[in-house]
Amino acid sequence: MGLDSLVGGTIWDEYSNKVADLMNNPKNMGEITTEEAEEKGGKLIVADFGAESCGDAVRLYWLVNPNTDVIMDSKFKSFGCGTAIASSDTMAELCKFKTVQEAVKITNIDVEKAMRDTPDVPSVPPQKMHCSVMAYDVIKKAAAQYMNVDMESFEEEIIVCECARVSLSTLQEVIRLNDLTTVEQIADYTKAGAFCKSCIRPGGHEAKDIYLVDLLEEYEKEKMAKTADSLAQGGPVDFEQMTVVQKLKVVDKVIDDNIRQMLIMDGGDMEILDIKENGENIDIYIRYLGACNGCASADTGTLFAIENILKEKLSPNIRVLPI
Amino acid sequence: MKVYLDNNATTMVDEQVKSAMDPFFTEMYGNPNSLHAYAGETHPHIKTAMEKIYAGIQANRKDSVVITSCATESNNWVLKSIYFEYILTGRKNHIIISEVEHPSIMATARFIESMGCKVTYLPINSEGLIEAQSVRDSITSKTALVSVMWANNETGAIFPVQEIGEICAEHKVLFHTDAVQAVGKIPISVQEFNVDYLTFSAHKFHGPKGVGALYMKQGKELMPLLHGGSQMGGHRSGTLNVPGIVGMGKAMENAVDALDFEMPDIREMRDNFEDELLKIEDTFVVTPRNKRTSNTILISFRGIEGESMLWDLNREGIAASTGSACASEDLEANSVMEAIGADEDLAHTAIRFSLSRYTTQEEIDHTLAVVKKAVARLREISSSYSYAPEGHNSELTIGH
């Protein structure tokens, strides 16, 4: 944030010269017909990916030597923005004279890098990285067709963020190792979610099977489960390090397990209003409900009982303050 | 040749407007609220400008036309004040807007929705128009406000403000209209149309940027959004933007004068331009001409993604606009095209040309030639028009 984000700019300012040149004069734009393929003695592969209704679509033509599996010629047609056209063109170029098996290894990241003017400066703005993904997908589609296999078989792992090609296992590991709690942190550590943002949460440009928010939730639940287990076994709980939401949940659980039943039997109850750190102390504000309200022991015996159990189970620094 | 056909986004400042504003930067720069001659000498100029602004929308002297910093401020003001006065206090719980409002209404409505207000989003029909009946059907006893734009920024579609105004009056529901795209393009009368609140902005009719306004009918004044030194009769605090107000006044006067003389010419030029564009194969326009503002064309070129079209136009100096997802920061497609329920293959192909009284025939001719060249080039690249061998099972959704 700050100055740069205040003024903004046009996405075109962030296109590399190569992207602009390819948009103006794509080199491999064109088609290969059945007749041409026959003439040259190659096998014609025509693969489609995307849809106009989604904003980008590409058709890839390969002329493959059936004896060597070498792609002798590669052309494309594309419905899409400048980045889509430039990356389709680059993709078609990168396929040339490779075997189909080699071509499958070309990723959208290779395509984006090939369009850079200087090695360290991205060739397209972050949200446009998405357009290069289609270039990668259509290669897999063409190869699958040629090799007569399923397109999914080329992916060795589940990719959650296609723009940055970050896998499910990588994400789960990074989240766990670094105790990540926000999507911004995930982007900082892995670049996942930093581009077209579709993988962050439902409702983005593209629907996904797995979203980053799901992974965070999964990890959160895992942590909660661990805490609950630890509580159940009377083991230590790292209460101080928890977020406020986690603290609330854990406090509620301890009260549920140890105290609430007694209060309800006397026709009362209590609720947690807030948890605040106050220097060394962790202050838990509560409100008595029903019969507890105004009960003589609410500020003495009952209160001490609540405070003691929370101190014992969670942290000696807890103070309970009824409001 | 440079051609500016993005006048629904903003306009060139009229030279006369610029000259009218000039003295208020270095000569009469006093704060109108001060007690000295520097302040006093600005007053008659502000008054004259305000009278022109009132006349431009035919407001009654007892009504309030409050100058703001932009239409976004005016729109935020209406929705947030309604929220504070009616929703938060529990008197009402509901507002109605259309699903194609400008982001300054849409995002504000979503915000107050998140704070507990119910919001109905009225659909548009296949011509891109709101049906007044849908307002009637959506009003409940708990509805505080209806806010429907006068004319849509993308299509130029003119919504049935008069009928909606009558329905609102009948049900005693407050009615706001965002008239940013209407003021200066069609005659506006807040008296005739039962409008309680109306938003407009100077930079859409050859006035300066940073000057918006909110009309509030007498007796329907909203609580202020900006508190402070009680300028603008306490309705909107903040030092008066004297050059801005003077500029808006002059721009309003010129725009209203032009309605009778120049607007028919703009319409004719637009119609001829549109006829020529539609001669290009596979082009589509949604809203009928007589149901939209005279200066606007939203046209789809099948098989050509909007941003790539803008790219080719821009290379030749032509400024137009697209709601295509690829041209936006967030990859969201043109909400109007989606709301119309147009052929979904066309959702990303719409280009908006918006003319002004400064557009020349020469510019239109040049644009037409460039468009034809761009269509030929981009369809040559497009997968929508590409070869597929016999028996190829295409997975691209091509509608022909």
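Begin by selecting chain A, for which the domain assignment gives domain 1 (3-155), domain 2 (156-235) and domain 3 (237-322); such bounds come from an automatic or database domain assignment. What you have open is a predicted model, in which local features need pLDDT of at least 70, side-chain atom pairs count only at pLDDT 80 or more, and totals for chains, interfaces and linings use all residues. To find your way, note that residues are numbered from 1 along each chain as its sequence is written, while chains are lettered from A and ligands numbered from 1 in the order in which they are written.

**Chain A as a whole**

Colour domain 1 and domain 3 of chain A, and you will find that their centres, taken over C-alpha atoms, are separated by 60 Å. The C-alpha trace of chain A spans about 100 × 45 × 30 Å along its principal axes. Its radius of gyration is 29 Å, whereas a compact globule of 323 residues would have one near 20 Å; this radius is taken over C-alpha atoms, and the globule rule is 2.2 Å times the number of residues to the power 0.38. Switch to a cartoon view to look for the 13 helices and 8 strands of chain A, where helices (H or I, at least four residues) and strands (E, at least two) are DSSP runs, numbered from the N terminus.

**Two helices in chain A**

Next select residues 168-178, helix α8 of chain A, together with residues 183-190, helix α9 of chain A: they pack at an angle of about 110 degrees, with their axes 11 Å apart. Helix α8(A) is therefore roughly perpendicular to α9(A), a label for angles of 65 to 115 degrees, while those under 35 count as roughly parallel, those over 145 as roughly antiparallel and the rest as oblique. The axes are lines fitted to C-alpha atoms, for helices over the stretch in contact, and the angles run from 0 to 180 degrees between N-to-C directions. Show the side chains of Thr170(A), Leu171(A), Val174(A), Ile175(A) and Asn178(A) on α8(A), and of Ile186(A), Tyr189(A) and Thr190(A) on α9(A), for these make the contact; two residues are in contact if their C-beta atoms, placed from the backbone, lie within 7 Å.

**Across to chain B**

Now display both chains, and look where 29 residues from chain A and 28 residues from chain B make the contact. On the side of chain B that touches chain A, helix α10 (residues 306-315) of chain B gives the most, with 3 residues.

Chain B holds 12 helices and 13 strands, and its C-alpha trace spans about 80 × 50 × 35 Å along the principal axes.

**A last stop at Ser321(B)**

Finally, zoom in on Ser321(B), which is found in strand β12 (residues 321-322) of chain B. Is Ser321(B) buried or exposed? Ser321(B) counts as buried because it has 23 C-beta neighbours inside 10 Å; a residue is buried if 20 or more other C-beta atoms, placed from the backbone, lie within 10 Å of its own, exposed if 12 or fewer, and partly exposed in between. Leaving aside its neighbours within four places in sequence, Ser321(B) is in contact with Asp6(B), Ala9(B) and Arg352(B). Select Ile351(B) as well: its C-alpha atom is separated by 5.8 Å from that of Ser321(B), although the two are 30 residues apart along the chain.
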